[in-house]
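Please keep the 3D view open as you read.

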Amino acid sequence: MRRFPTGVRAIRGYIRSAPGTYLWLAALFVTTIAMHHMSPEFESEFLRQRSTNIHELSTNPRRVLIASAFWIDGGGWLPYAVLYSVFHAQAERRLGTLRWLTVAFGTHVAATFISEGALLWAIRHDYAPHSAVNTLDVGVSYALAGVVAVLAYRIARPYRYLYLGAVLVIYGAPLLSGRTFTDLGHFASVLIGLACYPLTRGRGGAPWNPADTLRSVGREMGFSGARAKDRTA
């Protein structure tokens, strides 16, 4: 039987522990490759038909809410691979696939309606042009923001509050400075993710304590250093 190096086995185990995350990531990889073969004009129209803008939500909301979660508007796939591995995979491992998906998709849907509802209000009160009903709005950032927020409950106190403060600053600062409908959607996603606390109860064992991890790494490094000295003695 062929044996894989320890690092490869660890990566395979990590991927298998979060199947939903990596299936979603694989789908994003395929759609990103497809986008690279589209002309700019075709890509814009193609994504607009899968966008959760006001026009598409008013005609076929179910289709665009699902379709928009499988396309990345600009940027590369690799940064999402990192973010999914750090946040989505951890949430799926600690909450279970069904609860993780409930948080991710629930946040995606709720934040979309909140942000587009705010945009519709702005259009009706002449704060935004009527053409904004066809604004391009695809991507997975709302779901990611909700999952980032819900992970706060899987971190031990007092580190939880440091993490939560950083999340609120990262997503709150753009809302204060830019005040776009997507900034509102991201901040709403964070609040929705925090409201998903009941889904975290009784899941994933004890909260992660960064101090324990640092002590463990320190002991391992010290032990490795001691072995290296023994070999050179």
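In which helix is Arg-99 found? Arg-99 is found in helix α7, residues 97-124, where helices are DSSP runs of H or I with at least four residues, numbered from the N terminus.

## About the model

This is a predicted model, in which local features need pLDDT of at least 70 and side-chain atom pairs count only at pLDDT 80 or more, while totals for chains, interfaces and linings use all residues. Residues are numbered from 1 along each chain as its sequence is written, and side-chain values use heavy atoms, with hydrogens and water left out.

## Arg-99 and its surroundings

Arg-99 is partly exposed, with a relative accessible area of 28%; buried means under 20%, exposed means over 50% and partly exposed lies in between, with a 1.4 Å probe and protein chains only. Leaving aside residues up to four places away in sequence, Arg-99 touches Pro-198, Leu-199, Thr-200, Arg-201 and Arg-203, contact being heavy atoms within 4.5 Å.

## The α9 and α10 pair

Now turn to helix α9 (residues 159-177) and helix α10 (residues 181-195), whose axes come within 7 Å and cross at roughly 155 degrees. That crossing makes α9 roughly antiparallel to α10, a label for angles over 145 degrees. The axes are lines fitted to C-alpha atoms over the stretch in contact, with angles running from 0 to 180 degrees between N-to-C directions.

Which residues meet here? From α9 come Leu-164, Val-167, Leu-168, Tyr-171, Gly-172, Pro-174 and Leu-175, and from α10 come Asp-183, Leu-184, His-186, Phe-187, Val-190 and Leu-194. Sorted by class, this contact has 10 nonpolar, 2 polar and 1 charged residues; Ala, Val, Leu, Ile, Met, Phe, Trp, Tyr, Cys and Pro count as nonpolar, Asp, Glu, Lys and Arg as charged, and the others, Gly among them, as polar.

## Backbone details in the loops

Pro-158 lies in the loop between α8 (141-150) and α9. A cis peptide bond joins Arg-157 to Pro-158, with omega about 0 degrees.

Asp-126, in the loop between α7 and α8, is not a glycine, yet its phi is positive, near 60 degrees. Asp-126 is exposed, at 72% relative accessibility. Arg-179, in the loop between α9 and α10, is not a glycine either and has a positive phi of about 55 degrees. Arg-179 is exposed too, with a relative accessible area of 67%.

Terms used
Helices (H or I, at least four residues) and strands (E, at least two) are DSSP runs, numbered from the N terminus. Angles under 35 degrees count as roughly parallel, over 145 as roughly antiparallel, 65 to 115 as roughly perpendicular and the rest as oblique.
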